[in-house]
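Good morning, colleagues. I would like to take you through one structure this morning, moving from part to part. Please have the display in view as I speak.

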Amino acid sequence: MIYEGKQRIWSDYQKEIPDDHYFYVRSCIRQAFFTGSEVAFLDITRNRLGKDIFESEHHTTCGGIAYHSDTIPHETVMTIVARQFALMHKYGYENYVCSCITSFGVYAETLETWREFPELQAKIAEILMKTCRLEFAKPKYIVHASDLIFKFRYQIAARAVHKLVNVRTGKPLKVVEHIGCHYSKMFPSKGVGGAEYPYVLAGMVEAWGGEVVDYPERRHCCGFGFRQYFVQANRGYSLSNTHKKFESMEPYHPDCIVTNCPGCPYFLDRWQYVIAEQTGKTYGGDGRGIPVLTYEEMAGLVMGYDPWDLGLQTHQTPVESLLDKMGIVYDEKSKYLGKGGKDLGQPAHPSCLKI
Amino acid sequence: MSKLYDLLMQDYRIREGLNACINCGTCTAICPAAEFYRYDPRQIVNIVQSQDEAAIEELLKSETIWYCGECMSCVTRCPRKNAPGLIIMALRSLSIDLGYFIESEKGRQQYVLCKDLCGNILDYGYCVYPRNFDSAGHPEAGPVWAWEEKHLDEVFERLGGNLDGDGPGACRRIPQEDLDQIQRIFDETGGTARLETVRKAAEKKAAELGLSVEEFAEKVNTTCSPFHFNH
Ligand code: SF4
Ligand code: SF4
């Protein structure tokens, strides 16, 4: 009975994710700081799984970070969003996949506002035509890039070269999954598993052999807070929230963290470095911290990509402890090399966090 | 009736995000900002719903409305389907439009945010542009970013990005015709007007404080008084 009830609740939170033919839009933060992740997303979906994922150079920011930093009015962000959708339509697509969680939230919010206030939608369509000479259109489906990797998780598992399993002990790796707040906290029905049972990352972890860590602050915000990070004077807000999460997950000894938001992997990675430098405390057990991955980085490792092709050398918290546990052979000497083996020197070593 | 309340009600986010608040405090219990700052979203929703002109004006000039991180965790939990995070966004917009934001230490930070984020959007088409993310201003980005900053073109090339390049790809140069469209959207929808409002208010405040606008920006970006904190 209880099981059936749970199944019923769970079925309320299923979302339809089309199998193919998407218009792809990038994330400002991810293309700048997790370049290899977006490259891997396109390589996995297009080249390994044979999907049609189209990108146009004409798309821009959705304006989401500026909007949530209260620097642009509501109508400005809505018209930028309308422009992105219009480009999708112009290129003959009706499925829209975005790399950014802030964008995903902005799209969900905008579509809901237009649904509730059709006169506003009409006004935005008019402004769009006037400013960009583009025809207003709405996507049939909007998904986040992590929804697609979730959908294809078993196909990825079938191509796995490595599993989320400790090769020495044979036990599943313990993975903390951190979902971006704007994925489903505002509009639960838009995310896989809703806000109560978010399953988008947990589903990947389980399909690839790992075990999800449940800890008290699992759903707490990473602390990005937009203006709470971009203004130097406010960064303590961001740091304290990440600190709270690490203190809460520490007793569960996670082997790694996986995220689906642009900011979260950056903050969970960089604030570990700051906590170590400020207090001498590290969370990884061996002075190296807990590796933080994007879902594409995790999928890439599972599929046998070279960690340095994925960009794991650009993390501040080192990932080698995870690579060793997964039995991944990597070349230490090529970690910081440029294309064609070009010598780019090496980053300085932090004073506390071991790398 | 409150004039300010009427102005707020013109904002679609308030129309979507404010139903009768029962003052249960659930939003405050889950709020990451409430733990860190002297901040109570329940009280903010209550003040707005009170329609008390003086109290709303005080709120619009206060530090309080700038503490929220817009994570929207409160939206999931409110039993009345309120969205304190959206109400905050409407309050902030009105505070900027009326020039009240310049009265508070945290509100003044809008100057730096507008300059940096909207500057990136209008110049490059991105909210964040890697060449403008300097390691000197972001020491928390660590020595690895200092290294990457020094070799940005090579690291992008190594990882398959397209920094400032033609065609699609990560951090490509967005064509001028598209940037022109974004500029026209800003002009038509009040984006440019907001930037002007913020710039003028900041210049006036800087003059009052005897600072150049650059000194003002630096002060705003780095000043943090202890009275904001809960602990
Ligand atoms: S959106 Fe703002 S008020 Fe709501 S929980 Fe997040 S920080 Fe608190
Ligand atoms: S959770 Fe909702 S009803 Fe309760 S105090 Fe907050 S806004 Fe009011």
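Predicted model: local features only at pLDDT ≥ 70, side-chain atom pairs only at ≥ 80, totals over all residues.

Let me begin with chain B. Chain B contains 14 helices and zero strands. Its C-alpha atoms occupy a box of roughly 60 × 40 × 40 Å along the principal axes.

How much area do domain 1 and domain 2 of chain B bury between them? The figure is about 470 Å², with 58% of it on carbon and sulfur atoms. On the domain 1 side, W66(B), I96(B) and D97(B) lose the most area to domain 2 of chain B, and together they account for 85% of what that side buries. In terms of contacts, four residues of domain 1 of chain B meet five residues of domain 2 of chain B. Across this interface the rule finds zero salt bridges and one residue pair in polar contact, counting pairs with both residues at pLDDT 80 or more. The domain 1 side of chain B comprises two nonpolar, one polar and one charged residues.

I turn now to chain A, which is also assigned two domains: domain 1 covers 16–145 and domain 2 covers 154–341. Their centres, again over C-alpha atoms, are separated by 25 Å. Here the area buried between the domains of chain A is about 2600 Å², and carbon and sulfur atoms give 70% of that. The contact involves 29 residues of domain 1 of chain A and 31 residues of domain 2 of chain A.

Which residues form the one salt bridge between these domains of chain A? E296(A) pairs with R30(A), and the closest N and O atoms are 2.4 Å apart. The domains of chain A also share four residue pairs in polar contact, both residues being at pLDDT 80 or more. On the side of domain 1 of chain A that touches domain 2, at least two residues come from each of α2 (28–33), α3 (35–48), α4 (64–68) and α6 (101–116). The largest share, eight residues, is supplied by α3(A). By class, this side of domain 1 of chain A has 14 nonpolar, nine polar and six charged residues.

Another salt bridge of chain A joins E55(A) to R26(A), with the closest N and O atoms 2.7 Å apart. This pair links distant parts of the chain, 29 residues apart: E55(A) sits in the loop between β2 (53–54) and α4 of chain A, and R26(A) in the loop between β1 (22–25) and α2 of chain A.

Next, the interface of the two chains. The size of an interface is often given as the accessible area lost when the parts come together. For chain B and chain A, that area is about 7700 Å², with 59% given by carbon and sulfur atoms. In contact are 86 residues of chain B and 93 residues of chain A. R235(A) forms a salt bridge with E140(B), where the closest N and O atoms are 3.3 Å apart. Between chain B and chain A there are 47 residue pairs in polar contact, both residues at pLDDT 80 or more. Helix α12 of chain B, residues 176–189, gives the most to the side of chain B that touches chain A, with nine residues. That side of chain B divides into 44 nonpolar, 22 polar and 20 charged residues.

Finally, the ligands. Where does ligand 1 lie? Ligand 1 is placed between chains A and B. It is surrounded by 14 residues, the closest being C31(B), C68(B), C71(B), M72(B) and C74(B). Helices α4 (32–36) and α7 (73–77) of chain B each supply at least two residues of this shell. The shell around ligand 1 has 10 nonpolar, three polar and one charged residues.

Ligand 2 has 14 residues around it, and the closest are C21(B), C24(B), G25(B), C27(B) and C78(B). For ligand 2, α3 (26–30) and α5 (41–50) of chain B each give at least two residues of the shell. By class, the residues around ligand 2 are eight nonpolar, four polar and two charged.

How values were computed: Residues numbered from 1 in each chain as written. Chains lettered and ligands numbered in written order. Heavy atoms only, no water. Domains from an automatic or database assignment. Contact = heavy atoms within 4.5 Å. Buried area = accessible area lost by both parts, 1.4 Å probe. Salt bridge = Lys/Arg side-chain N within 4 Å of Asp/Glu carboxyl O. Polar contact = N/O pair within 3.5 Å; in protein donor to acceptor, adjacent residues only side chain to side chain. Helix = DSSP H or I, 4+ residues; strand = E, 2+ residues; numbered from the N terminus. Nonpolar A, V, L, I, M, F, W, Y, C, P; charged D, E, K, R; others polar. Near = heavy atom within 4 Å.
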